[in-house]
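User: I want to learn how to read the features of a structure like this one. Please take me through it step by step.

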Amino acid sequence: LDKRLSQVESGVSVVPGLQQRISGVADQGESVTAELARQLDDCRAAHAELASKLASDIHPLQRQLTKVEEEVSGSFEQLVGLERSVTSSIAELSETVQSQ
């Protein structure tokens with residue numbers, strides 16, 4: 001392994017400018033990595049902002065939905081009461097008609 005490493009190092013020094021190219025590629029890699037890290041941070045911040053906005057938008061909608069559910073439930077109970085009243089009135093009218 002040491003022999004192979006020595007061969008690579010000697011090859012790098014023999015080829016003109018190879019060491020500078022290797023360093024340049026390494027620098028570019030570091031630069032790209034840093035940029036990707038910044039973009040990832042931006043994405044995380046945007047995600048957090050959207051999640052917060054969504055939560056704030058959903059809360060009022062949930063309150064409205066609860067209110068509508070209560071109104072519908074109350075209306076349904078009124079309809080059930082009305083049905084009982086109509087059924088009772090029909091029964092009374094039927095008895096009145098039959099007795100005459």
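User: Is aspartate 57 buried, partly exposed or exposed?

Analyst: First, a caution: this is a predicted model. Exposure is read from relative accessible area, with buried under 20% and exposed over 50%. Aspartate 57 has 37%, so it is partly exposed.

User: Which residue forms a salt bridge with aspartate 57?

Analyst: Start with the general idea. Side chains of opposite charge can pair when their charged atoms come close. Here the cut-off is 4 Å between the side-chain nitrogen and the carboxyl oxygen. Aspartate 57 pairs with lysine 53, and their closest N and O atoms are 3.3 Å apart. Lysine 53 is partly exposed too, at 49% relative accessible area.

User: Why are aspartate 57 and lysine 53 separated by about one helical turn?

Analyst: Look at the sequence spacing. The two residues are 4 apart in helix H2, which means about one turn lies between them.

User: How many salt bridges does the count come to?

Analyst: The rule gives 3 salt bridges. Another joins glutamate 35 to arginine 38, with the closest N and O atoms 2.8 Å apart. Both residues sit in helix H2, which covers residues 18–99. They are 3 residues apart, about one turn of the helix. Glutamate 35 is partly exposed at 32% relative accessibility. Arginine 38 is partly exposed as well, at 46%.

User: What is the distance between the closest N and O atoms of aspartate 41 and arginine 44?

Analyst: It is 3.9 Å, and the pair counts as a salt bridge. The cut-off is within 4 Å, so 3.9 Å qualifies. Aspartate 41 and arginine 44 also lie in helix H2, 3 residues apart, about one turn. Aspartate 41 has 46% relative accessibility, so it is partly exposed. Arginine 44 has 53%, so it is exposed.

User: Now the whole chain. How many helices and strands does the secondary structure come to?

Analyst: The chain has 2 helices and 0 strands.

User: What share of the chain do buried residues make up?

Analyst: Buried residues are 1% of the 100 residues. The accessible surface of the chain is about 9,000 Å². Carbon and sulfur atoms hold 60% of that surface.

User: Which residues make the nonpolar surface patch of about 390 Å²?

Analyst: Leu79, Leu82, Val86 and Ile90 make this patch. Leucine 82, one of its members, is found in helix H2.

Terms used: Residues numbered from 1 in each chain as written. Predicted model: local features only at pLDDT ≥ 70, side-chain atom pairs only at ≥ 80, totals over all residues. Heavy atoms only, no water. Buried < 20%, exposed > 50% of the residue type's maximum accessible area, 1.4 Å probe, protein only. Patch = residues over 30% accessible without salt bridge, like charges linked within 9 Å, V, L, I, M, F, W, Y side chains within 5 Å. Areas by Shrake-Rupley, 256 points an atom, 1.4 Å probe, with all protein chains shown as cover.
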